[in-house]
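Here are my notes on this one, written as numbered points. Have the structure open while you read, and look up each spot as we get to it.

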Amino acid sequence: MLPAPRRTARRPVRRYAAPLALTLALTATGCGAQISADGENGKGDKDGKSSAAPTGHYPVTIENCGTRTTYDKAPQRVVTNDVGITEIMFALGLENRMAGYVMPDDKGDIDAVPWKAAYNKVPWLSKKAITKEMALDAKADLVFAGWNYGFGEDNALTPASLKKLGIGSYVLTESCRKGPNGSARGVMPPLEALYTDLTTLGKIFGVEDRATALVGKYRQQVADAQAKAPAPANRPSVFLYDDGRDKPLTAGEYAGPHDIITKAGGDHIMKDLKDSWVTVGWETVVARDPDVIVINNYGDTSADQKKAFLKSYPPLANVSAIKHDRIYVMDYADLVESPRNPAAITDLARYLRGVHTG
């Protein structure tokens, strides 16, 4: 879908998916997890009983992207794909349940993040695209990734393929597929996707109190940022530029930037796109004339190179954001579903307060 290539291990690329019925049939099978064949009890055996004896907190049944799964015990060797997904585990204090993480080496500076110690503790398995072989080599019992954030039919890494190997899966909620052929992604507002994953993973791993506290903290952080955001009458319009020359990759209603822009006090010009990460035409950007352009900083094309392209691309010459040099750079990990989202809203709100339009 991208006009310019991006590393598969990180990129939220939109691809055409298998039918939704297949998506809903996939489940986590490792670590004592069982899928419900009928969506009723989440067990998977004929008498509705777990095959493992329940202990304490377990068994627990969760729903993830429409699939109900019962866990008889917590996963012990989780492999994550991508920076935001990895940091969700770290934020919940679950680094001791991880066998490793996969991400490119352009994930950004992690020296200042609260999870630096966790990064130092958990093995960095690969800087390339995640594969079934990596999961097997790590003796993973659960792979936590997203559709086109690691999972995809084109690379033969799906919950179904992992299930055949006895490895469970958890799908990033921001990436849940929908529609008659599963070609679009996103089933809830982006921040709710983050809160949903924190809450659900808290239940899977028996750290519900920690998850509840995090969600409460993040909701308050977002509310504080909203209170300081520009007044409705002064909301600048904002376009998210990910990458691409011939056609730009941007964010629709169900990708992280939508909530980040909106909660920060901006008017997201692509809010009518009922998908997550999507390609549009430059003519649409010109017609909607954003006051601000936010650049997603990651990958082989630097933020400075992206900015130089935007400022030199003739069709954009009369767009307000270009004329007034209102281009704001944000890190990739701020913009995909991650524990960095609330702080990103605070930072963008501060910038937007200084933007005067009209």
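1. Let's start with a term: a disulfide here is a pair of cysteine sulfur atoms within 2.5 Å. In general, a disulfide is a covalent bond between the sulfur atoms of two cysteines. Before we use the term, a word on the source: this is a predicted model, where local features need pLDDT of at least 70, side-chain atom pairs count only at pLDDT 80 or more, and totals for chains, interfaces and linings use all residues. Residues are numbered from 1 along each chain as its sequence is written, and side-chain values use heavy atoms, with hydrogens and water left out.

2. How many disulfides does a search of the whole structure find? The search turns up 1. It joins Cys65 to Cys176, with 1.9 Å from S to S, and the link is left-handed, at -80° about the S-S bond. Cys65 sits in the loop between strand 2 (60-64) and strand 3 (67-71), and Cys176 in the loop between strand 9 (168-171) and strand 10 (177-178), so the pair ties together parts that are 111 residues apart in sequence. (Helices, H or I with at least four residues, and strands, E with at least two, are DSSP runs numbered from the N terminus.)

3. Are those two cysteines buried or exposed? Buried means under 20% relative accessible area, exposed over 50%, and partly exposed in between, using a 1.4 Å probe and protein chains only. Cys65 is buried at 18%, and Cys176 is buried at 2%.

4. Now find helix 6 (residues 190-205). The expected span of a helix is 1.5 Å times one less than its number of residues, so the 16 residues of helix 6 should span 22 Å; the end C-alpha atoms are 23 Å apart, which agrees. Of the 16 residues, 12 are buried, so helix 6 is largely enclosed by the rest of the structure. Among them are Leu191, Tyr195, Asp197 and Phe205. Just after helix 6, Gly206 takes a positive phi of about 70°.

5. Pro104 and Lys128 are 24 residues apart in sequence, yet 6.0 Å apart in space, C-alpha to C-alpha.

6. Last, the sheet. Two strands pair if DSSP finds at least two bridges between them. An open sheet of 4 strands runs in the order 14-12-16-17, with parallel pairing. Strand 14 (267-268) and strand 17 (327-331) are the edges, each pairing on one side only.
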